[in-house]
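Please look through the sequence and the model below before reading on. The briefing that follows is grouped by topic.

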Amino acid sequence: MTLHPLWGHEAERLMLARARQEGTLPSTLLLHGPRGVGKQRLALWMAQLLLCESPEEEPCGCCHSCRLTLGLQHPDLHWHFPLSRPKGASGDRLGEALEKERSRVLEQTRVTPIRFVHLASPFGIYLAAIQTLRRRAQSRPSMGNEQIFVVGNAEALVPQEASPEAANALLKLLEEPPTQTRLILTSSEPGRLLSTVRSRTVPLYVGRLPGETVKRFLEKEAGVDAATAGGVSALADGSIGRALGFLPDDEGVVPLEQLRLRALELVRASLSPKQGDAFALALSFAPTGGRSLVELLNFLDQAIRDVAAVAAGAPERALNPEIADLMQRAGSENTPHPTDAAKCLAAVERCRELARGNVNPQLLIAGLTGDLRHSLLGKGQSPEGSPS
Ligand SMILES: [Zn+2]
């Protein structure tokens, strides 16, 4: 099996290919933009173009180098991404254990290139992995003229604010990159990168894909029927990665649908005239594992934007089709003003920061719904000690 073709991002491809032809391609790039739009796939495309034996504005796709790259087996392409920390490994062993885990994930990607990747929070890019990367960067390329290092989801270099060691180790490489070395970082949260790392990379924004592109990808690459592809692409918000999370897995579970509905429950409880609804919802969360809330909060951002769209009289702009009905049924006397949503988004962002610090989810949700009620309904001020 090989990687699926890159879909969309034609303008970015053309720009990168021309820069390569003109010799002006920066040696360190940061591809940033929404999650799941194909930033790492674009980085791998770039690597393929750089390693191709007869490149033009696209890699040829059939030379030995292209075949190795598409099979994720090119010795001069090194693709790093967040991994779960192997249990019981420390010191020198940790580096080896992480390399083993990386090989396992690469093999999984080779066998099942199209699959939903849940980025759960105990994943990180650890110091030991960056030390491995740096050692390799000091060696000469095996086949071609250069080595390419892709670091996907680079914000995981700093899993928590107090642990920037991996990011600092990468910074040393960015400060004095060995010749014949290129680095391509990708991130959907570039604000979480160290500013010193950001300032040493050339940023390129990679935006959402048109809904039609996501739909065609699902039909052609994932073998989804046209009707399902249409419904899923409407929820995908221009992200193929997100669209894949709205397809049922082997057990028939639709991973992102659960999160989407949970986010709508949070909005419903925040709009309810009965404050008890919000507390009951908070208590339905587990008392530990705050980091697992981060992805839910990303869905809550979207649901709040939808509230703003409906409040502004543009329900057709809402991504969640249930939102207008939900607001009507909430039964509160006050209708939220569109600008209230901005305050809500700030509250969600504060909550997300606390969730990364692994605060008790019940407390976080109780505090958050208090803040949301305060902004949306002008009441239900958050209890003491809450995130606000
Ligand atoms: Zn080629």
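Ser 163 is found in the loop that runs between β5 (147-151) and α6, where helices (H or I, at least four residues) and strands (E, at least two) are DSSP runs numbered from the N terminus. Ser 163 counts as partly exposed because 14 other C-beta atoms lie within 10 Å; by definition a residue is buried if 20 or more other C-beta atoms lie within 10 Å of its own, exposed if 12 or fewer, and partly exposed in between, with C-beta atoms placed from the backbone. This is a predicted model, in which local features need pLDDT of at least 70 and side-chain atom pairs count only at pLDDT 80 or more, while totals for chains, interfaces and linings use all residues. Residues are numbered from 1 along each chain as its sequence is written.

**Domains and distances**

- The protein is divided into domain 1 (10-207), domain 2 (209-247) and domain 3 (254-377), and these bounds come from an automatic or database domain assignment.
- Taken over C-alpha atoms, the centres of domain 1 and domain 3 are separated by 34 Å.
- Ser 163 and Asp 325 lie 162 residues apart in sequence and, from C-alpha to C-alpha, 44 Å apart in space.
- Ala 11, which lies in helix α1 (residues 10-22), counts as exposed because it has 9 C-beta neighbours inside 10 Å.
- Between Ala 11 and Phe 279 there are 48 Å in space, C-alpha to C-alpha, and the two are 268 residues apart in sequence.

- In helix α12 (residues 275-283), the residues Ala 278, Leu 281 and Ala 282 are buried.
- These three cover an arc of only 100° around the axis, which puts them on the same side of α12; the arc is that of the directions from the helix axis to the C-beta atoms.
- Gly 276, Ala 280 and Leu 283, on the other side of α12, are exposed.
- What covers the buried residues of α12 includes α11 (255-271) and α16 (361-377).
- α11 and α12 pack at an angle of about 150°, with their axes 7 Å apart; axes are lines fitted to C-alpha atoms, for helices over the stretch in contact, and angles run from 0 to 180 degrees between N-to-C directions.
- The two helices α11 and α12 are therefore roughly antiparallel to each other, given that angles under 35 degrees count as roughly parallel, over 145 as roughly antiparallel, 65 to 115 as roughly perpendicular and the rest as oblique.
- Glu 265, Leu 266, Ala 269 and Ser 270 in α11 meet Asp 277, Ala 278 and Leu 281 in α12, where two residues are in contact if their C-beta atoms, placed from the backbone, lie within 7 Å.

**Helices α4 and α5**

- Helix α4 (residues 92-111) and helix α5 (residues 127-137) pack at an angle of about 80°, and their axes are 8 Å apart.
- That angle makes α4 roughly perpendicular to α5.
- Leu 94, Gly 95, Leu 98 and Glu 99 in α4 meet Ala 128, Ala 129, Gln 131 and Thr 132 in α5.

**Positive phi values in loops**

- Most residues other than glycine have a negative phi.
- Leu 72, in the loop between α3 (64-70) and β2 (77-80), has a positive phi near 55° although it is a residue other than glycine.
- Gln 180, in the loop between α6 (165-175) and β6 (181-187), is not a glycine either, and its phi is positive at about 65°.
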